[in-house]
Amino acid sequence: MKAFFQRWGHLLAILCIPLQGSIYVFLGSNTGSDVFYNYAWIDTQIPFIKEFIYPYISWMPILYLGFLYLGLTNKTLFWRTLITYNVGVMAANICFAVFPTYVPRPEVNGTDLSSFFVQFIYTNDAPYNCFPSVHCLTSYLLFIIINRHLNFKPFARISWSVWLWLIIASTVFVKQHSLLDVAGGILFAEAAYWAVHLFALRLEQTRKKNKQPLKSPHASSNT
């Protein structure tokens, strides 16, 4: 058992995902009256397409599977991605606390499966704290990792990338977010990625520098 936890215990760090989610839920359920209407004219021109609820609800399983894959195959990249995730989502939560936003939703009265899932999401997720979109932030983060760090075959890379972009698109087609929320999620993901990436590079350079043997200024040269 000890050997098992030494090898795979780092996977428990994935539990930070529901922890961050609980913070989001808390902030959403405690939004005050000072809420910003985060919806522009262009958002009203985007149609409501209930079938996009399927990529939308696939977000959480894909997020867990993505981190599980990294944890099983590349421990270093797993930790770096998980740190990036937490930096980005914590920044988003701070934004939710100081800049709460609201997006209007359409009425959904259908009895088909797509309508049922939309109604379920609407019931269990308050229409607040929309900027930036955490769906977009985390999906775009996985897109970054797949295309900049993982050596996937072209078909797998394209397939995963397309599905992640479908998740991003679904946020506006099921009227959970505005285009500004999407742009914010992508921006937050890029900012968190580069902040962690550059910090890791600087840390690695410092370690290499400290490992270099010191040369005495009085050392005599061979003759």
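Me: Why does R148 count as partly exposed?

Reply: This is a predicted model, and in it R148 has a relative accessibility of 38%. Buried means under 20% and exposed means over 50%, so 38% puts R148 in between, as partly exposed.

Me: And what makes R148 and E190 a salt bridge?

Reply: The N-to-O distance between their side chains is 2.8 Å. The cut-off is 4 Å between a side-chain nitrogen of Lys or Arg and a carboxyl oxygen of Asp or Glu, so this pair of R148 and E190 passes. R148 sits in helix 8 (residues 134-148) and E190 in helix 10 (residues 179-211), so the link joins distant parts of the chain, 42 residues apart.

Me: Is E190 buried or exposed, and how do you know?

Reply: Buried, because its relative accessible area is 17% and the limit is under 20%.

Me: How many salt bridges are there by this rule?

Reply: The count is two. The other pair is D112 with K50, whose closest N and O atoms are 3.1 Å apart. D112 belongs to the loop between strand 2 (101-102) and helix 7 (113-124), while K50 belongs to the loop between helix 3 (41-44) and helix 4 (53-57), so the bridge ties together parts 62 residues apart in sequence. In general, side chains with opposite charge can pair when their charged atoms come close.

Me: Why are D112 and K50 called partly exposed?

Reply: D112 has 30% relative accessibility and K50 has 25%.

Me: How do you know whether C95 and C130 are buried or exposed?

Reply: Check each against the 20% limit. C95 has 12% relative accessibility, so C95 is buried. C130 has 3%, so C130 is buried as well.

Me: What helices and strands does the chain have?

Reply: Ten helices and two strands.

Key
Residues are numbered from 1 along each chain as its sequence is written. This is a predicted model: local features need pLDDT of at least 70, side-chain atom pairs count only at pLDDT 80 or more; totals for chains, interfaces and linings use all residues. Side-chain values use heavy atoms; hydrogens and water are left out. Buried means under 20% relative accessible area, exposed over 50%, partly exposed in between (1.4 Å probe, protein chains only). Helices (H or I, at least four residues) and strands (E, at least two) are DSSP runs, numbered from the N terminus.
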